[in-house]
Amino acid sequence: MEQWILLGMAPVFLALIGLEAWYWHRRKQGQYSLVDTLSNVALALMHQVADLLAWAVTIGLFYWVYLHRLLTVPSTWWGIALLVIGQDFFYYWFHRAHHRIRWMWASHVTHHSSERLNLSTAFRQSLTYPISGMWLFWLPLAWLGFEPTHIVAVVAINLGFQFFVHTQAVGKLGWLESVFNTPSHHRVHHARNARYIDKNYAGVLIIWDKLFGTYVEEDDADPCEYGIVGQIHSHNPITLTFHEWRELLRDAGRAAGWRAAMGQMFGPPEQARSHLDAVAANDPRLAKAAPGPDA
Ligand SMILES: [Zn+2]
Ligand SMILES: [Zn+2]
């Protein structure tokens with residue numbers, strides 16, 4: 001079902017990407033590059049296949065948990081509204097965990113590794129999310145009493161909504177900024193400027209960031225610089241999918257003892273040995289990139 005919601009929206013997504021690319025082309029601004037967009041599309045297709053398999057494997061578990069549920073939430077309008085809000089709450093924690101735990105960041109880094117930000121960046125996902133344990137974050141919803149197929153659908157709707165916040169073509173949106181995740185909030189999330197890193201994890205509602213202390217407003221005086229701290233400079237979907245996993249396994253293998261190895265796998269990404277080595281070696285990928293001719 002989830003696949004059909006996102007596939008059904010695919011023509012809208014593609015049309016808007018075309019429109020946005022044309023908009024920037026007319027303004028002679030290189031927000032798009034063909035190779036970057038093609039690599040985003042390839043990553044989206046790889047992710048969709050993995051996601052379909054992951055749901056096929058885990059849906060039985062969701063129904064098992066649902067059988068042992070606390071309550072039964074009816075499929076009324078308010079039941080669905082509760083599910084949308086509840087799923088968005090767990091999305092916040094899914095997203096925060098995927099930035100702060102390296103085992104999860106190894107999947108999520110793919111979404112952040114483009115030095116551009118446009119609607120096609122929303123397509124940039126990793127096929128390794130099921131290994132990182134994304135599905136774990138929706139399991140409490142089944143335990144609370146939401147029907148598993150409804151959970152799958154609402155996860156897809158949340159992701160579908162987030163397509164629209166991946167753009168530099170839209171400024172601030174008035175009162176909507178105080179309640180919803182907006183393009184402005186999500187630009188901050190994709191920026192690697194020190195004050196913007198690990199902020200604005202919101203899916204649909206920005207209120208979670210405000211409640212849990214991770215909210216930062218976009219400041220025109222500090223323009224967003226997109227990408228990750230150690231830029232990857234690759235358009236190869238395989239490299240983009242697996243580079244952090246490779247480093248993670250290597251760092252864990254080199255660690256002195258199992259405690260240190262666990263720290264490399266499940267600690268914060270900035271304490272990874274490969275990251276600290278890059279800092280010590282003054283790796284140019286860590287430096288702030290000079291604005292390119294099309295920036
Ligand atoms: Zn993120
Ligand atoms: Zn994003």
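How much of residues 77-94 is helix, how much is strand, and how far apart are the end C-alpha atoms? That stretch is 100% helix and 0% strand, with its end C-alpha atoms 25 Å apart. Helix here means a DSSP run of H or I with at least four residues, a strand is a run of E with at least two, and both are numbered from the N terminus.

Some ground rules. This is a predicted model, where local features need pLDDT of at least 70, side-chain atom pairs count only at pLDDT 80 or more, and totals for chains, interfaces and linings use all residues. Residues are numbered from 1 along each chain as its sequence is written, while chains are lettered from A and ligands numbered from 1 in the order in which they are written.

Now the annotations. The unreviewed UniProt entry marks "transmembrane region" at 6-24, 45-65, 77-94 and 126-146. Such annotations may be inferred rather than shown by experiment; positions are in the numbering used here, and feature names are shortened. Take 45-65: 100% helix, 0% strand, end C-alpha atoms 30 Å apart. The unreviewed entry also gives "domain: Fatty acid hydroxylase" for 81-214. In the model, 81-214 is 56% helix and 0% strand, with end C-alpha atoms 25 Å apart.

Next, one helix pair. The axes of H3 (residues 77-100) and H7 (residues 148-163) come within 10 Å and cross at roughly 65°. Axes are lines fitted to C-alpha atoms, for helices over the stretch in contact, and angles run from 0 to 180 degrees between N-to-C directions.

Who touches whom? H3 brings Leu83, Val84, Gln87, Asp88 and Tyr91; H7 brings His150, Ile151, Val154, Val155 and Asn158. Contact means C-beta atoms, placed from the backbone, within 7 Å. By class, these residues are 6 nonpolar, 3 polar and 1 charged. Nonpolar covers Ala, Val, Leu, Ile, Met, Phe, Trp, Tyr, Cys and Pro; charged is Asp, Glu, Lys and Arg; the others, Gly among them, are polar.

Last, domains. Domain 1 is 2-212 and domain 2 is 237-286, with bounds from an automatic or database domain assignment. Their centres, taken over C-alpha atoms, are 25 Å apart. Across the boundary, 16 residues of domain 1 contact 12 of domain 2. On the domain 1 side, H2 (34-67) and H4 (102-112) each supply at least two residues. H4 gives the largest share, 6 residues. That side splits into 9 nonpolar, 5 polar and 2 charged.

Conventions
Two residues are in contact if their C-beta atoms, placed from the backbone, lie within 7 Å.
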